[in-house]
Amino acid sequence: KKFLKVNESWEIGVSKINSKWIMMLCEDDLLFHNSIEILEYHINKYKNIDCFTWPTTSIIFDHKKNMFRYSKDFKNFDMKSKVISTKEILSKIKNENCINETKKISPFFTKLLIKTKLIKKSSKFFFNSEPMWSSLFQILFKTKKYVYINFPIFVIGYLQNSSSEMHNKENFKKFSEGYSTKITRVKKFFPELDEYVFILSNRFL
């Protein structure tokens with residue numbers, strides 16, 4: 001069998017989208033309760049913004065307590081938002097060589113919500129084999145500003161076949177048995193979904 005490269009797969013995926021906005025979830029991502037409403041609120045607040053991003057966090061299995069818990073960085077999230085200049089980020093990357101230091105507040109797939117028109121401007125949005133970094137530079141050069149929301153819209157969960165090193169089959173079994181969520185008003189956006197553990201697909205657009 002011959003498989004497409006990740007960036008080629010993503011390119012095909014986004015090319016099929018006809019909606020105004022695009023958000024992509026990885027196979028082990030879970031939307032937080034009310035995350036859709038949080039995004040909707042910020043879209044209405046920043047009407048001239050074409051891109052929103054947020055920090056990431058994960059679910060960790062506590063072996064002492066035999067339960068899952070959120071990462072300790074959760075205490076640093078306060079729901080505040082700010083407009084960030086793409087020039088500022090580009091300058092830090094170029095002049096200070098600190099691409100990893102800016103990663104937390106930088107907009108790239110999959111931790112972003114972006115207007116489809118920005119992607120459609122490019123014949124090849126994910127232009128190399130590192131689609132996350134290629135999407136970052138596409139956004140930095142195509143927009144003047146974006147909004148950083150200091151709250152994780154999704155949390156990295158557990159999936160049996162995930163490529164992430166933090167995951168394993170034992171944790172997946174515990175997770176699938178003990179974690180579920182219901183997204184308020186989800187039917188408004190995704191009529192086919194109601195209550196679920198997580199999306200069992202490679203990517204969800």
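The questions and answers below go through a predicted model of a protein chain.

Me: How many helices and strands does the secondary structure of the protein chain come to?
Reply: The chain has 205 residues, and 48% of them count as buried. Its secondary structure comes to 7 helices and 11 strands.

Me: What share of the contacts in the protein chain with a separation of 6 or more comes from residues 24 or more positions apart?
Reply: The count takes in contacts between residues with a separation of 6 or more. Within that set, residues 24 or more positions apart account for 75%.

Me: How much of the accessible surface of the protein chain belongs to carbon and sulfur atoms?
Reply: The accessible surface of the chain comes to about 12,000 Å². The part that belongs to carbon and sulfur atoms is 52%.

Me: Which residues of strand β7 point the opposite way from L112 and I114?
Reply: Strand β7 covers residues 112–115, and all four are buried. L112 and I114 point one way from the strand. Pointing the other way are L113 and K115.

Me: In β7, which residue is the bridge partner of W21?
Reply: Strand β1, residues 21–23, runs antiparallel to β7, and 3 bridges join the two. W21 has its bridge partner in β7, and that partner is K115.

Me: Which residue of β8 is the bridge partner of T53?
Reply: Strand β3, residues 51–53, is joined to β7 by 3 bridges and runs antiparallel to it; there, the partner of T53 is L112. β3 also pairs with β8, in the parallel sense, over 2 bridges. In β8, the bridge partner of T53 is Y148.

Me: In β8, which residue is the bridge partner of I84?
Reply: β6 and β8 run antiparallel and are joined by 5 bridges. I84 has its bridge partner in β8, namely Y146.

Me: Why is β8 described as largely enclosed by the rest of the structure?
Reply: A residue counts as buried when its relative accessible area is under 20%. β8 is largely enclosed because, of its 5 residues, the number buried is 4.

Me: Within what arc do the buried residues of α3 fall?
Reply: Helix α3 spans residues 86–95, and T86, I89, L90 and I93 are buried in it. Seen down the helix axis, these buried residues line one face, because they fall within an arc of 95°.

Me: Which exposed residues does the face of α3 turned away from its buried side carry?
Reply: The buried residues of α3 are covered by elements that include β6 (81–85), α5 (131–142) and β8 (145–149). The face turned away from that buried side carries the exposed residues K87 and N95.

Me: Which residue caps the N-terminal end of α3?
Reply: At this end of α3, a side-chain oxygen lies 3.2 Å from the backbone nitrogen of K87. That oxygen belongs to the capping residue, S85.

Me: Is T102 buried or exposed?
Reply: T102 is in the loop between α3 and β7. Not counting residues up to four places away in sequence, T102 touches I89, K92 and I93. Its relative accessible area is 4%, so T102 is buried.

Me: What angle lies between the planes of F125 and F126?
Reply: The structure holds 9 aromatic pairs. F125 and F126 form an edge-to-face pair, 5.1 Å centre to centre. The angle between their planes is 85°.

Me: What is the relative accessible area of F126?
Reply: Ring pairs link W10, F109, F125 and F126 into a cluster. F125 is buried, with a relative accessible area of 1%. F126 is buried too, and its value is 0%.

Me: What distance separates the C-alpha atoms of E130 and N7?
Reply: E130 lies in the loop between α4 (116–120) and α5, and at 47% relative accessibility E130 counts as partly exposed. Along the chain, E130 and N7 are 123 residues apart. Their C-alpha atoms are separated by 6.8 Å.

Me: Which residues does L4 touch, not counting those up to four places away in sequence?
Reply: L4 is found in the segment before α1 (6–15). At 48% relative accessibility, L4 counts as partly exposed. With residues up to four places away left out, L4 touches S9 and I12.

Technical notes: Residues numbered from 1 in each chain as written. Predicted model: local features only at pLDDT ≥ 70, side-chain atom pairs only at ≥ 80, totals over all residues. Heavy atoms only, no water. Buried < 20%, exposed > 50% of the residue type's maximum accessible area, 1.4 Å probe, protein only. Pairing = 2+ DSSP bridges. Arc of directions from axis to C-beta. Contact = heavy atoms within 4.5 Å. Polar contact = N/O pair within 3.5 Å; in protein donor to acceptor, adjacent residues only side chain to side chain. Areas by Shrake-Rupley, 256 points an atom, 1.4 Å probe, with all protein chains shown as cover. Phe/Tyr/Trp six-rings, centres within 6.5 Å; stacked < 30°, edge-to-face > 60°.
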